[in-house]
Amino acid sequence: MSSFWERLLGRRNQTGSGSVAKQRLQLVLVTDRSELPPETIQRMKDEIIAVISKYVPIAHDKVEINLEQRQRDNWLVADIPLLRSAPRNAPVESAPESPTADDA
Amino acid sequence: MSQVRSRQSASRVITITSGKGGVGKTTVTANLSAALARLGKRVVCIDADIGLRNLDLILGVENRIVYDIVDVVEGRCQLAQALIRHKAYPELYVLPAAQNRDKTAVSPAQMVRITDELRPQFEFILIDSPAGIERGFKNAVAPADEVLIVTNPEVSAVRDADRIIGMIELLEKRPPSRLIINRVKAEMVKRGEMLSADDVTDILSIQLIGVVPEDETVLIAGNRGMPEPNSRSGQAFAEIARRLLGEDVPHTHTNASQGFFRRLTRLFTGAGARQGSVFDE
């Protein structure tokens, strides 16, 4: 059904190399425009996660931190779900490097 | 839109650039200059590709070069002596590049000085930028009031265009950039095997000023050294020229030209994307 509407609205099929080109370009331009090498981005993500988990327990497996394009601007967009359990007022004692029970 | 701008005495310096080579910068510069001259505008086009000059050849003035831009910069002649008047378009002049020097023979400040000297005499000063992101590009964009980015519906050309747009955004003057998508094959777009003009505009997120179809007339016109206004590409350049003058010319490239009802008909008659149309080569 969606393809009916897509064709009515003039959208092209998504299997041609044209749409592959578009998707690949959109991905590679995010990195090009950020001027940050991928390793640096990964290191930044790890540090952000480490800092936040010092204060609140987070669901590590559901964390998403990505560079996104909005028009010609780069945005760092982070979705960091907090764990509902173990409410604490003080920072989590364990160092971020050492895995906690939550991670397991 | 561009007519209401109040700065400077109606003179506009427009740089044509692309990042990648071979996408049609010189073709665009030559044809757009001719189209503007045909609309009665006084135009000069400058070949900033020092060492690899070609604008003279595409415009058919190669045998009349006496002085070039480096001669002007180094004081061997007056600027007016280096300008070549086009035989078919008396309102069109060409300032050729030097062929036996390199990009460092001219500086960005000298480019600004040359265009400032031309401004009182010309309504449009078009600069044909060399490929790349180095000195030649910097020379070409230094005096720009506006930039036209030329690209092809092809991954490497689009990526390079994006890099160039980013570099222009970092210029002190921040001239507005608009996009020309050159060498579009409507039939391949229809099959889904080529980025459409809308795709490219979407990816690059800058304003589109024109789509030029792939057209063998461009090569033939280059062979002869005379732009051909009565071709499909020639019409596209004429439309771009009118948009530069602020006219609201509707875009007629493939996606936009397929109206709702035409798609509706095709959908219900079961005709897929395969069949041809008047837009085919």
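I started with B:Phe122: at 4% relative accessibility it counts as buried, because buried means under 20% relative accessible area, with exposed over 50% and partly exposed in between (1.4 Å probe, protein chains only). I noted that this is a predicted model, where local features need pLDDT of at least 70, side-chain atom pairs count only at pLDDT 80 or more, and totals for chains, interfaces and linings use all residues. Side-chain values use heavy atoms, without hydrogens and water.

Next I searched the whole structure for aromatic pairs and got 1 over all chains. The partners are B:Tyr93 and B:Phe122, edge-to-face, with 5.5 Å centre to centre and 75° between the planes. For the rule, rings of Phe, Tyr and Trp (its six-membered ring) pair if their centres lie within 6.5 Å; planes under 30 degrees apart are stacked, over 60 edge-to-face, the rest tilted.

Where do the two partners sit in the chain? I found B:Tyr93 in strand E4 (residues 92–95) of chain B, and B:Phe122 in the loop between helix H5 (108–118) and strand E5 (124–128), 29 residues apart. Helices (H or I, at least four residues) and strands (E, at least two) are DSSP runs, numbered from the N terminus. B:Tyr93 counts as buried too, at 13% relative accessibility.

I also saw B:Arg42 over the face of B:Phe122, 5.0 Å from the ring centre. That label needs NZ of Lys or CZ of Arg within 6 Å of the ring centre and within 35 degrees of the ring normal.

Last, I zoomed out: chain B has 13 helices and 8 strands, and 54% of its 281 residues count as buried.

Note on methods: Residues numbered from 1 in each chain as written. Chains lettered and ligands numbered in written order.
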